[in-house]
Structure formats: structure tokens, C-alpha cells
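These are my notes from one sitting with a single chain.

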Amino acid sequence: MGRAMLAALCITALFTSLAYGHGVTYGVIADRAVAVRFGYAGGEPMSYAECKVFGPGSSPDLEFQNGRTDARGIVSFVPDKPGDWTVTAWDEMGHKGTLEVLVSGSKADLAGAAAPVPQAGPTPISVALGLSVLANLALLGMAWRSRKRH
């Protein structure tokens, strides 16, 4: 039984890259993002103000993106189609700003810019950690069997 378990663990170790289902993809979008800065009349930024971004022709209750401005009062988004986009930000004191942004370009170009960039695969550290977990499980199983015999 011990050899069968060891063989199963070895086979599992060989296919650890296939079990990468919950990995994260990431990448930098160089030139397709739109950034809008909100500020007060005195020049101070609307830091961490709530904001919503609406795409062309979208209904008022279904935003494309929502969140907050950053510390500098900036909110960014990556449009997926050309047209008039509406960006709104408001703070807890009742200040509100709305800006219409015209996004040009073809629909295919804009949609492709937002596609995630796949990772190169599991890193050597993640493979080593996976193998370490498998080895520890095998050792634990052997220790449990030897304890059971005594």
C-alpha cells in the first residue's frame, strides 16, 4: 500500500502545473486606459471619493465600473468600446462632479486591450512548495502507519 501511495504522489507531482486553475493573470495595459482627475475648486484632490463609470448607452443602474478615486483624486478605466463614457465622483460632503469622455478607436482594438495577459506558468517556488507539501503528506502517512503497527 505504501508504494502505491508513493507512486500516486509522484504522478501528482509531475502534473502540478495542470492544477493551476485558480492562478492569476496580469499585465500592463500601456495606452488604452482613460484617467480622470477630480478635485475641488481650490485645487485639492477629491481623494478616495466614490465613483462610477458608465459606458455608451448603458442604463443608469448598471455601471461599467465602480470604486473610489485614489489619493490624488484619479480614477482610471479601460473602455471596451468607443463612444461617450460618463464618469461621476462624489464625496461624503455633497460635492459631485460628472465628466463625459469621448473614447475613439475600433471596438476590436479596445476589447483586445483589456484582455488579460497569461502568466508564463507556475514559478519554481510554487512547484517547490507543492512538492514539499506532497513530501510532508507522504512522511505523515508513513509515520501514521508505523505508529498504527506499534
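**Layout**

I read the order of elements from the N terminus as α-β-β-β-β-β-β-α-α. That makes three helices and six strands, where helices (H or I, at least four residues) and strands (E, at least two) are DSSP runs numbered from the N terminus. The model is predicted, so I kept its limits in mind: local features need pLDDT of at least 70, side-chain atom pairs count only at pLDDT 80 or more, and totals for chains, interfaces and linings use all residues. Residues are numbered from 1 along each chain as its sequence is written, and side-chain values use heavy atoms, with hydrogens and water left out.

I looked up burial next. Of the 150 residues, 21% count as buried; buried means under 20% relative accessible area, exposed over 50%, and partly exposed in between (1.4 Å probe, protein chains only). The protein exposes about 10700 Å², and carbon and sulfur atoms supply 62% of that area. Accessible areas come from the Shrake-Rupley method with a 1.4 Å probe, and for residues only the protein chains shown count as cover.

I also checked the sequence range of contacts (heavy atoms within 4.5 Å). Among those between residues at least 6 apart in sequence, 59% join residues at least 24 apart.

**Core**

Which residues have the most contacts inside the largest nonpolar core? I found Val36, Phe38, Val87 and Val101, in a core of 14 residues. Strands E1 (34–37), E2 (50–54), E4 (74–77), E5 (83–90) and E6 (96–103) each supply at least two of the core residues. E5 gives the most, with three. A nonpolar core here is a set of buried Ala, Val, Leu, Ile, Met, Phe, Trp, Tyr and Cys residues joined through side-chain atoms within 4.5 Å. I noted the general background: in soluble globular proteins, nonpolar side chains tend to be buried together.

Leaving aside neighbours within four places in sequence, Val87 touches Val36, Phe38, Lys52, Val53, Val75, Phe77, Gly97, Thr98, Leu99 and Val101. Leu99 in E6 stands opposite Val87.

**Strand pairs**

I counted a pair where DSSP finds at least two bridges between two strands. E5 and E6 run antiparallel and are joined by eight bridges. Their hairpin has five residues between the strands, and Gly94 takes a positive phi near 100° there.

E1 and E4 also run antiparallel, with four bridges. Arg37 has Ile74 in E4 as bridge partner. On E1, I found Val34 and Val36 on a covered face, and Ala35 and Arg37 on an uncovered one. In a regular strand the side chains alternate between the two faces of the sheet.

Tyr48 lies in the loop between E1 and E2. Most residues other than glycine have a negative phi.

**Salt bridges**

How many salt bridges does the structure hold? I logged two, with the criterion of a side-chain nitrogen of Lys or Arg within 4 Å of a carboxyl oxygen of Asp or Glu.

One joins Glu63 and Lys52 at 3.9 Å, N to O. Glu63 lies in the loop between E2 and strand E3 (65–68) and Lys52 in strand E2, so the pair ties together parts that are 11 residues apart in sequence. Glu63 is partly exposed at 22% relative accessibility, and Lys52 is partly exposed at 29%.

Arg72 and Asp70 form a salt bridge at 3.1 Å, N to O. Arg72 counts as exposed, at 53% relative accessibility, whereas Asp70 counts as partly exposed, at 25%.

**Nonpolar residues at the surface**

I found a nonpolar surface patch made of Val133, Leu137 and Leu140, with about 290 Å² of accessible area together. Patches are made of residues with over 30% relative accessible area and no salt bridge; like charges are joined within 9 Å, and nonpolar side chains (Val, Leu, Ile, Met, Phe, Trp, Tyr) within 5 Å. Leu137 sits in helix H3 (residues 124–149) and is partly exposed, at 47% relative accessibility.

Is Leu102 buried or exposed? Leu102 is in strand E6 and counts as exposed, because its relative accessibility is 66%. Leaving aside neighbours within four places in sequence, I saw Leu102 in contact with Gly83 and Asp84. Leu102 and Asp84 are 18 residues apart in sequence, with C-alpha atoms 4.6 Å apart in space.
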